Amino acid sequence: MRATRIVFCALFALGAACLSPAASATQDAFTLSSTAFADGGLMPKVHECTSGGGQDPAKKNESPPLAWSGAPAGAKSYAIVMRDLDNAALIHWVIYDIPATTASLPQNVQHVYRPPVPAGSRQVYYRGSASLYGYQGPCSPSTVNTYEFVVHALDQTSLTGLDSGSSTRTAARAITAASIGSARITGES
């Protein structure tokens, strides 16, 4: 009976330590946000694709502004991967080699392999309803889908194994392999 009590007390103490504010603050420190939409909220039309048909002038295929904080201390660069969670996790955007000194992306990152902002970053060519480098916004005309944005803190300054011909899946695998922490938000469109 005494041994059972000792084990129970040890487990209780361990659980209390795991749930302490300091432990949970460290665990939840890396965050990603956007001024364009709240986590789980509706994404503005300006971020929707222009290649899905229709003539809605509000749709501009502009990437949303993103900002992150609390990244792991060992981060040497960042990468962002955007997926459509309701369409077989289809990858809509990969931007990587974002310098470690950067903590945000502006709205409408240029659709080029090496955008001028953020300097040094590279984007993967999107091969889908549009053929372009960089961001391809939501293109779900008849359904509301959930889009996930994940920022990864990477243990490398550059993903040298990737180039202008790398696929979104190849890039996503390389990013996951180099990730030392991540933060995410979702948006509906």
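## Basis of the values

Because the model is predicted, local features need pLDDT of at least 70 and side-chain atom pairs count only at pLDDT 80 or more, while totals for chains, interfaces and linings use all residues. Residues are numbered from 1 along each chain as its sequence is written, and side-chain values use heavy atoms, with hydrogens and water left out.

Helices and strands are DSSP runs numbered from the N terminus, helices being H or I of at least four residues and strands E of at least two. Buried means under 20% relative accessible area, exposed over 50%, and partly exposed in between, with a 1.4 Å probe and protein chains only.

## Salt bridges

Side chains of opposite charge can pair when their charged atoms come close. A salt bridge here is a side-chain nitrogen of Lys or Arg within 4 Å of a carboxyl oxygen of Asp or Glu. The structure holds 3 salt bridges. One of them joins Glu48 and Lys59, with the closest N and O atoms 3.6 Å apart. Both Glu48 and Lys59 lie in the loop between strand S2 (41-42) and strand S3 (66-69), so the pair ties together parts that are 11 residues apart in sequence. Glu48 is buried, at a relative accessible area of 14%, whereas Lys59 is partly exposed, at 25%.

Asp97 and Arg122 form a salt bridge with an N to O distance of 2.8 Å. This pair links distant parts of the chain, with Asp97 in strand S5 (residues 90-99) and Arg122 in strand S7 (residues 122-123), 25 residues apart. Asp97 is buried, with a relative accessible area of 5%, and Arg122 also counts as buried, at 6%. Arg184 and Glu148 meet in a salt bridge as well, at 2.9 Å from N to O. Here too distant parts of the chain are linked: Arg184 belongs to strand S11 (residues 179-188) and Glu148 to strand S10 (residues 146-154), 36 residues apart. Arg184 counts as partly exposed, at 45% relative accessibility, whereas Glu148 is buried, at 12%.

## The largest pocket

Pockets are found on a 1 Å grid over the protein atoms alone: a pocket is an open set of points with protein on both sides within 12 Å along at least five of seven lines, and lining residues have an atom within 4 Å of a point. Grid points are joined across faces, edges and corners, and a volume is the space filled by probe spheres set on the points. The largest pocket has a volume of about 160 Å³.

Its lining consists of Arg83, Ala88, Ala89, Leu90, Ile91, Tyr125, Tyr126, Arg127, Ser167, Thr168 and Arg169. Two or more lining residues come from each of S5, strand S8 (125-127) and helix H3 (168-178). S8 gives the most, with 3 residues. By class, the lining has 6 nonpolar, 2 polar and 3 charged residues. Nonpolar covers Ala, Val, Leu, Ile, Met, Phe, Trp, Tyr, Cys and Pro; charged covers Asp, Glu, Lys and Arg; the others, Gly among them, are polar.

## Backbone geometry

Val117 and Pro118 are joined by a cis peptide bond, with omega about -5°. Pro118 is found in the loop between strand S6 (104-105) and S7.

Asn61 has a positive phi, near 55°, in a residue other than glycine. Asn61 sits in the loop between S2 and S3 and is buried, with a relative accessible area of 4%. Asp97, the salt-bridge partner of Arg122, has a positive phi near 60° and is likewise a residue other than glycine.

## Strand S4 and its partners

Strand S4 (residues 77-84) has 7 of its 8 residues buried, so it is largely enclosed by the rest of the structure. Two strands pair if DSSP finds at least two bridges between them. S4 pairs with S5 in the antiparallel sense over 7 bridges, and Ile80 has Ile95 in S5 as its bridge partner. S4 and S5 form a hairpin with 5 residues between them, and Ala88 in the turn has a positive phi of about 55°. Ala88 is also among the residues lining the largest pocket.

S4 is also joined to S10, by 8 bridges, and these two strands run antiparallel. Met82 has Phe149 in S10 as its bridge partner.

How values were computed. 1 Å grid on protein atoms, 1.4 Å probe; cavity = no way out; pocket = protein on both sides within 12 Å on 5 of 7 lines; lining within 4 Å.
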